[in-house]
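Have the viewer open while you read.

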Amino acid sequence: SAFRLCINLNFEKLTLMTGAGERALQERQRQHMARGLPKQKPIAGVKEVIVVASGKGGVGKSTTAVNLALGLMANDQSKSVGILDADVYGPSVPKLMNLKGNPELTDKNLMRPLVNFGIPCMSMGFLVEEVAPIVWRGLMVMSAIEKLIRQVDWGNLDYLVIDMPPGTGDVQLSITQNIPIAGAVIVSTPQDIALLDARRGAEMFRKVNVQVLGLVQNMSVFQCPKCNHQTHIFGSDGAKELAQTLGVEMLGDIPLHLNIRETSDKGQPVVVSSPDSPEAEAYRRVAAAVVRRLAEHPR
């Protein structure tokens with residue numbers, strides 16, 4: 001029995017040592033990984049960065065990002081807001097904000113954003129021909145993102161809204177690892193296939209320790225302009241159900257409306273061109289919800 005007791009004590013000691021060894025190994029691995037990551041450095045002059053993302057393209061992310069930025073300023077005109085178009089392969093902000101031309105350079109060799117509706121904007125679309133395809137490998141894209149973030153004279157901004165490319169790839173990781181992000185807004189339509197990708201996007205931000213401010217359900221309902229009958233073309237309440245599953249807030253619903261599409265195509269976003277419309281009010285409500293969430297969970 002004494003022999004058995006000795007074996008048991010040694011086994012328990014070995015188990016404790018093994019557990020401690022595993023924890024020490026995990027801590028060393030964590031430190032090693034941290035050394036390989038870039039240190040987050042704020043963007044000069046920018047107080048808070050809000051990223052607008054989606055798991056897939058075609059869900060109205062860029063339109064939402066632009067109208068969110070305009071909504072932030074419309075709700076509080078004392079606030080200064082900028083837009084960074086980080087969708088290198090498919091920049092939409094120049095069209096949506098009705099901007100063309102090349103940025104001028106400051107004395108410090110920084111690019112000056114192009115401005116419309118009181119919003120300074122920077123996009124890869126200002127640096128290449130309008131119809132030129134951007135056929136770049138990952139390293140070139142990362143270099144371009146670094147320039148768009150660091151080599152721009154943003155002045156002083158309360159909010160910088162970043163229109164992220166769709167998906168969960170290199171650009172998203174590069175931005176979230178290089179600059180402090182106040183929060184992420186996930187845009188999705190109510191259909192199942194879009195919600196699957198929206199969930200991946202939300203989970204990615206959680207893995208890189210960026211708080212998800214909430215979900216925006218875009219194209220939630222279509223109202224016939226003749227008879228006012230409402231049709232849920234992409235399904236109903238899918239994003240709301242996903243928000244509940246993820247434990248995040250539903251920031252608002254944006255309808256599928258002709259006015260939003262027409263004003264966007266003209267480069268006259270609905271928040272500024274039709275400020276009294278229900279569509280503009282929907283975006284302003286989302287902007288108010290974003291500000292409230294930022295105040296509740298300051299970084």
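## Strands in the middle

Strand β2 (residues 81-85) and β5 run parallel, joined by 5 bridges. Leu84 has Ile162 as its bridge partner in β5. Strands here, like helices, are DSSP runs numbered from the N terminus (E, at least two residues, for strands; H or I, at least four, for helices), and two strands pair if DSSP finds at least two bridges between them.

A word on provenance: this is a predicted model, with local features needing pLDDT of at least 70 and side-chain atom pairs counting only at pLDDT 80 or more, while totals for chains, interfaces and linings use all residues. Residues are numbered from 1 along each chain as its sequence is written, and side-chain values use heavy atoms, with hydrogens and water left out.

Back to β5, which covers residues 157-163: 7 of its 7 residues are buried. Buried means under 20% relative accessible area, exposed means over 50%, and partly exposed is in between (1.4 Å probe, protein chains only). β5 also runs parallel to β1, with 6 bridges joining the two; there, Glu48 has Tyr159 in β5 as its bridge partner.

β1 (residues 46-53) has another parallel pairing, this time with β6, over 4 bridges. Val51 stands opposite Ala184 of β6 in that pairing. β6 in turn runs parallel to strand β7 (residues 212-223), joined by 5 bridges, and Val187 has Val216 of β7 as its bridge partner. Here are the pairings side by side:

| Strand pair | Sense | Bridges |
|---|---|---|
| β2 and β5 | parallel | 5 bridges |
| β1 and β5 | parallel | 6 bridges |
| β1 and β6 | parallel | 4 bridges |
| β6 and β7 | parallel | 5 bridges |

How many of the residues of β6 are buried? In this strand (residues 183-188), 6 of 6 are. Both faces are covered: Gly183, Val185 and Val187 are buried on one side, and Ala184, Ile186 and Ser188 on the other.

## The chain as a whole

The protein chain has 10 helices and 9 strands. Of its 299 residues, 45% count as buried. The chain exposes about 16,000 Å², and carbon and sulfur atoms supply 54% of that; the areas come from the Shrake-Rupley method with a 1.4 Å probe, and for residues only the protein chains shown count as cover.

Ala282 is in helix α10 (residues 278-296). Ala282 counts as buried because its relative accessibility is 3%. Leaving aside neighbours within four places in sequence, Ala282 is in contact with Asp253, Ile254 and Pro255. The C-alpha atoms of Ala282 and Leu68 are separated by 9.8 Å, though the two are 214 residues apart along the chain.

Thr231 is in strand β8 (residues 230-231). Its relative accessible area is 33%, so Thr231 is partly exposed. Beyond neighbours within four places in sequence, Thr231 is in contact with Val221 and Phe222. Thr231 and Ser220 are 11 residues apart in sequence and 9.0 Å apart in space, C-alpha to C-alpha.

Most residues other than glycine have a negative phi. Asn98 is found in the loop between α3 (93-96) and β3 (114-116), and is partly exposed at 46% relative accessibility.

Asn209 also has a positive phi, near 60°. Its place is in the loop between α6 (192-207) and β7. Is Asn209 buried or exposed? With a relative accessible area of 64%, Asn209 is exposed.

## The largest pocket

The largest pocket holds about 470 Å³ of space. On a 1 Å grid over the protein atoms alone, a pocket is an open set of points where a 1.4 Å probe fits, with protein on both sides within 12 Å along at least five of seven lines. Grid points are joined across faces, edges and corners, and the volume is the space filled by probe spheres set on the points.

The lining has 21 residues, with Pro94, Leu99, Lys100, Gly125 and Glu130 nearest the pocket's centre; lining residues have an atom within 4 Å of a point. The lining divides into 9 nonpolar, 6 polar and 6 charged residues. In that scheme Ala, Val, Leu, Ile, Met, Phe, Trp, Tyr, Cys and Pro are nonpolar, Asp, Glu, Lys and Arg are charged, and the others, Gly among them, are polar.

Conventions: Contact means heavy atoms within 4.5 Å.
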